[in-house]
Amino acid sequence: MLGSGTSSGVPSIGCACAVCTSTDPRDRRTRPSILIEVDGGAAATFAQSVQSILVDTSTDLRNQALACDVRRVDAILFTHAHADHIFGLDDVRRYNQMQRSAIACYAGRHTVDDLRRIFSYVFDPPVQKGGGLPRLTLFPIEGPFTLGGVEIVPITLMHGVLPVLGFRIGAFAYLTDCNQIPDGSWPLLMQDGGVSTVIIDALRHRPHSTHFSVAESLAAVARLGASRAYFTHICHDLPHAETNAQLPPGVELAYDGLVLNI
Ligand SMILES: [Zn+2]
Ligand SMILES: [Zn+2]
Ligand SMILES: [Zn+2]
């Protein structure tokens, strides 16, 4: 868990509330992102394959990479092109340098278009050279695909009126930036034994037009039947320790630096 905070991060700039001034490190939340490290077991050819999959390039990517000592990024999955999920993109240059290769990026078709437009200096650079550019290869996601020997299943989620992507890998799912799981996406989450561990959006208690509230997220977790659920994209309304004490067994707030073994 690289970042568990909402778009503005926690603490919020200029805010003196109890969470923003908390000394509990779990109340310091950077912008939302996770890193998935694939355990290749004894596969002989694994050294050449994908081991480290970053989900989104958050505004805080550089600090997250330093805090969690992220040494490799072999592929990037994008959920959507909101600023909090993409504005750290330039920092992947360091991985290009260390790995001496371009990085494969996977995103829904609209997100691919948004990335090309927002990062036109990367994808449509001027003739004049100078300064380093991230080296990225964009692939539109059309359906399930395989990275590092694991199947990545894109799950369409509704983020207000904007369709975004969540991702399922085996019995794990990452479902951020959503306030609804469409009917057509439930079978993808329930089939093949379903999801036992989920990281899911839960902004705050009060309802919001584009994010699940805690109550809405709890209802989604119950329907999923996941035995472990971790809330993300959390704003400064939710103190970590106090909120966890009120949540049902198996459900807790995620925090930056949390490691899950799936
Ligand atoms: Zn977001
Ligand atoms: Zn605050
Ligand atoms: Zn968003």
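The questions below turn to a metal site and then to a helix.

Reader: Which protein atoms are the donors of the zinc ion (ligand 2)?
Author: This is a predicted model. The donors lie 2.0 to 2.3 Å from the zinc ion (ligand 2). They are C15 (SG), C17 (SG), C20 (SG) and H236 (ND1).

Reader: What arrangement do the four donor atoms make around the zinc ion (ligand 2)?
Author: Four donors count as tetrahedral if all angles lie between 85 and 135 degrees. Here the angles are 106 to 116°. The arrangement is therefore tetrahedral.

Reader: How many residues apart are C17 and H236?
Author: Along the chain, the donors follow the spacing C-x1-C-x2-C-x215-H. C17 sits in the segment before β1. H236 sits in the loop between β11 and α8. This pair links distant parts of the chain, 219 residues apart.

Reader: Is H236 buried, partly exposed or exposed?
Author: Buried means under 20% relative accessible area, and exposed means over 50%. H236 has 27% relative accessibility. So H236 is partly exposed.

Reader: Where around helix α7 are its buried residues?
Author: The buried residues of α7 are V214, S217, A220, V221 and L224. They cover an arc of only 120° around the axis. That puts them on the same side of α7.

Reader: Which residues are exposed on the other side of α7?
Author: The buried residues of α7 are covered by elements including β9, α6 and β10. β11 and β12 are also among them. On the other side, the exposed residues are A215 and A222.

Reader: Which residue follows α7?
Author: Its phi is positive, near 75°. The residue is G225.

Conventions: Residues numbered from 1 in each chain as written. Chains lettered and ligands numbered in written order. Predicted model: local features only at pLDDT ≥ 70, side-chain atom pairs only at ≥ 80, totals over all residues. Heavy atoms only, no water. Donors = N, O, S within 2.8 Å, 3.2 Å for Na, K, Ca; no water. Tetrahedral: all angles 85-135°; square planar, octahedral: opposite > 155°, others 65-115°. Helix = DSSP H or I, 4+ residues; strand = E, 2+ residues; numbered from the N terminus. Buried < 20%, exposed > 50% of the residue type's maximum accessible area, 1.4 Å probe, protein only. Arc of directions from axis to C-beta. Contact = heavy atoms within 4.5 Å.
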